[in-house]
Amino acid sequence: MSTQQINQNVHITFIGGGNMGRALISGLLSNGFEANQLSVVEANASTGLQLHQDFGVQIIGTLDQINFDFSKNNVVVMAIKPQDFNVVAKSLNAKLKHATAPGPLILSIAAGIRLKDMSRWLDHERCVRAMPNTPALIGKGITGLFADAAVNASDRALAETICNAVGQAVWVSEEKLMDAVTAVSGSGPAYVFAFLEAMQSSGEKLGLDSATARKLAYATLEGATQLAHNSDEYAGVLRERVTSKGGTTAAALDILKQLDWHGALEKAVDAASQRGKAMGDELGKTQ
Ligand SMILES: NC(=O)C1=CN([C@@H]2O[C@H](COP(=O)(O)OP(=O)(O)OC[C@H]3O[C@@H](n4cnc5c(N)ncnc54)[C@H](OP(=O)(O)O)[C@@H]3O)[C@@H](O)[C@H]2O)C=CC1
Ligand SMILES: O=C(O)[C@@H]1CCC=N1
């Protein structure tokens, strides 16, 4: 089945239109999906209104107002907070019971929530886990995907097509690796934004005006990232090429080494991964 054929037939119902739901909706609409292919169940009326005004998508106030059109290939994207997942899944369960078999494909983007728990709460096996990131908003997202053996090839292709529409997608072979994906790329944009904040404020402390410091920091990140992306060399080799012996870069990198910047980042990413696992353990205890 081609991407185009899948797109035309698919209807996606988002449950939750907050930060990540909005990023995905915006990305999908800019990359081949039509507004009439997307609906959003959003508890917050003003968030829903804003989504409708910005994107023209249908807003549904509550879960029991969902009406699946089973002439379409339906996908439900679970874009609520992990802590809200159980309650939402149980409400959706009642809807799924009345759905024409095999019911919609459920694509969960919730950090930590495991397939066995969501399948149990939803009483539904057609479930895929996805971990996107907010650059999906501009079609530059990267999504990690995991499905178990119960999910067939065409459902995997459908999940992948949706994620590819907002960037790239990679499958992981074991569910526990979804915590690593969450820690590296799901949360990753926040580390990059923190880095940008620090680069900009460092420039300001050295006397640059805010606009100039911002321009230098952002353009450097973009240029260096593109260079690394387009190069066959490891990032370490590219780093060495910037670092003249006894020069300015060496002075900066010495400080980062003394402060164990690399180790600090590894610890931070590990903490994110541990948090994903802990949320999965904790929330999975709920019946
Ligand atoms: N933000 C990110 O970068 C990423 C987030 N994720 C995952 O995406 C999910 C959503 O995160 P995020 O978008 O940041 O969270 P938000 O809180 O921004 O969005 C969730 C939205 O769902 C609404 N909501 C709550 N309960 C219901 C309900 N019963 N029915 C319909 N809507 C409801 C919330 O309304 P209200 O505010 O009124 O509660 C809110 O608008 C999380 O599970 C997170 O782990 C994954 C990858 C990246
Ligand atoms: O912070 C969080 O828990 C979510 C998951 C990945 C990005 N944001």
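Predicted model: local features only at pLDDT ≥ 70, side-chain atom pairs only at ≥ 80, totals over all residues.
Reader: Where in the chain is Asp-260, and is Asp-260 buried or exposed?

Author: Asp-260 is placed in the loop between α11 (248-258) and α12 (261-283), and its phi, too, is positive, at about 50°, although the residue is not a glycine. Asp-260 is exposed, because 11 other C-beta atoms lie within 10 Å, and the cut-off for an exposed residue is 12 or fewer.

Reader: How many helices and strands does the protein chain have, and which domains are assigned to it?

Author: For an overview, one takes the secondary structure, the extent and the domains together. The protein chain has twelve helices and eight strands, and its C-alpha atoms fill a box of roughly 70 × 40 × 35 Å along the principal axes. The assignment gives domain 1 (3-173) and domain 2 (188-272), with C-alpha centres that lie 35 Å apart. Of the 287 residues, 33% count as buried, and among contacts between residues at least 6 apart in sequence, 68% join residues at least 24 apart.

Reader: Which residues does UniProt give as "binding site", and why can they be read as one spot?

Author: A record's annotation can be set against the coordinates. An unreviewed UniProt entry places this feature at Ile-15, Gly-16, Gly-17, Gly-18, Asn-19, Met-20, Ala-79, Ile-80, Lys-81 and Pro-82. These residues span 68 positions in sequence, yet no two of their C-alpha atoms are more than 14.0 Å apart, so they gather at one spot. The unreviewed entry also carries the annotation "domain: Pyrroline-5-carboxylate reductase catalytic N-terminal", covering residues 12-111, a stretch that is 39% helix and 21% strand in the model, with its end C-alpha atoms 20 Å apart.

Reader: Where is Gly-17 in the chain, and is Gly-17 buried or exposed?

Author: Gly-17 sits in the loop between β1 (10-15) and α2 (19-30). It is buried, because 28 other C-beta atoms lie within 10 Å, and the cut-off for burial is 20 or more. Leaving aside neighbours within four places in sequence, the contacts of Gly-17 include Arg-22, Val-40 and Leu-51.

Reader: Which residues do Arg-22 and Val-40 touch in turn?

Author: With residues up to four places away set aside, Arg-22 touches Gly-17 and Leu-51. Arg-22 lies in helix α2 and counts as buried, with 23 C-beta neighbours inside 10 Å. Val-40 is found in strand β2 (residues 38-41), is also buried, with 24 C-beta neighbours inside 10 Å, and has contacts that include Phe-14, Gly-17, Leu-51 and Ile-60. Met-20, a further position in the annotated site, is in helix α2 and touches Ala-79, Ile-109, Pro-132 and Thr-134 beyond its sequence neighbours.

Reader: Which residues come nearest to ligand 1, and which surround ligand 2?

Author: A ligand is read through the shell of residues around it. Of the 26 residues around ligand 1, Gly-16, Gly-18, Ala-43, Ala-110 and Ala-111 come nearest, while α2 and α4 (82-97) each supply at least two residues of that shell. The shell around ligand 1 divides into 13 nonpolar, ten polar and three charged residues. Ligand 2 is surrounded by Ala-111, Thr-182, Gly-186 and Ser-187, a shell with one nonpolar, three polar and no charged residues.

Terms used:
Residues numbered from 1 in each chain as written. Chains lettered and ligands numbered in written order. Near = placed C-beta within 6 Å. Nonpolar A, V, L, I, M, F, W, Y, C, P; charged D, E, K, R; others polar. Helix = DSSP H or I, 4+ residues; strand = E, 2+ residues; numbered from the N terminus. Contact = placed C-beta atoms within 7 Å. Domains from an automatic or database assignment. UniProt positions renumbered as here; feature names shortened; annotations may be inferred.
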